[in-house]
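I opened the model to look up a few packing details. My notes follow, in the order I checked things.

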Amino acid sequence: MSDAHQEKHFEAYIVTKLEEQGWLVGDTAQYDTERALYPDDLLGWIEETQPEKLEKLSRLNGDRTAGVLMDRLDKALGKNGTPQVLRRGFDIAGSGHIDLSEAAPEDRRNKEVLKRYAANRLRVVPQLKYHPSRELAIDLGFFINGLPVATVELKTDFTQ
C-alpha cells in the first residue's frame, strides 16, 4: 500500500507552509516538558525586547536567571492562564514587569512597537513529546514567544 495518504506528509506540508510564512520550526528536544515552555524563544524574546530587565534579573540571580524567570512565569500562568499572561505579561521581583508578546499595532508610526511586534517568535514543533517520562507525542505544537498556544492532532481519511 502506498504511503501517499499518511499523516506524515500532511504534517510536513503544514510545517513547510508555516516556515515559508516566517514561522520557526522547532525540535521536541528543546521543549521543556516540566514547565511546558520552549525556553529558547522565551529567553530570546525577552533578551531582544527587554534587555535591561533581563540584565537586572541576571545581576540578581546569575546562572539561575533562566530558571528563576521560568518558575515565576509558571506561577503567573497557573494563576492567570496563558491568554492573560501573553496579553498582559507578569511581574517578577528585581526586574519589574515582563511583557511576553506584542500585539499588532493600530498606529504604524510607532517604530518601537513595530520592532517589538516583529520580534514575536512564532514556532511550530512537529511530533512534540509533551510528557516528561513517557514517549507521548502530539503531531504539531504551536508557540508564541515560547508559550504553547495550540496543538493539532492530524488525521486523514485513511488513519481515522
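Strand pairing came up at the start: two strands pair if DSSP finds at least two bridges between them. Helices (H or I, at least four residues) and strands (E, at least two) are DSSP runs, numbered from the N terminus. This is a predicted model, where local features need pLDDT of at least 70, side-chain atom pairs count only at pLDDT 80 or more, and totals for chains, interfaces and linings use all residues. Residues are numbered from 1 along each chain as its sequence is written, and side-chain values use heavy atoms, with hydrogens and water left out.

**Sheet.** I found an open sheet of 4 strands, ordered E1-E4-E5-E6, with mixed pairing. E1 (24-25) and E6 (147-152) are the edge strands; each has a single partner strand, so one side of each lacks a neighbour in the sheet. E1 and E4 (residues 122-129) run parallel and are joined by 2 bridges. I looked up Leu-24: its bridge partner in E4 is Arg-123.

**Helix pair.** I then checked H2 (residues 39-49) against H4. They pack at about 100°, axes 11 Å apart (axes are lines fitted to C-alpha atoms, for helices over the stretch in contact; angles run from 0 to 180 degrees between N-to-C directions). H2 is therefore roughly perpendicular to H4 (65 to 115 degrees). Pro-39, Leu-42, Leu-43 and Ile-46 of H2 meet Ala-66, Leu-69, Met-70 and Leu-73 of H4 (contact means heavy atoms within 4.5 Å).

**Thr-65.** Thr-65 is in H4 (residues 65-80). Is Thr-65 buried or exposed? I noted a relative accessible area of 7%, so Thr-65 is buried (under 20%, 1.4 Å probe, protein chains only). Not counting residues up to four places away in sequence, Thr-65 touches Leu-54, Leu-57 and Ser-58.

Note on methods: Buried means under 20% relative accessible area, exposed over 50%, partly exposed in between (1.4 Å probe, protein chains only). Angles under 35 degrees count as roughly parallel, over 145 as roughly antiparallel, 65 to 115 as roughly perpendicular and the rest as oblique.
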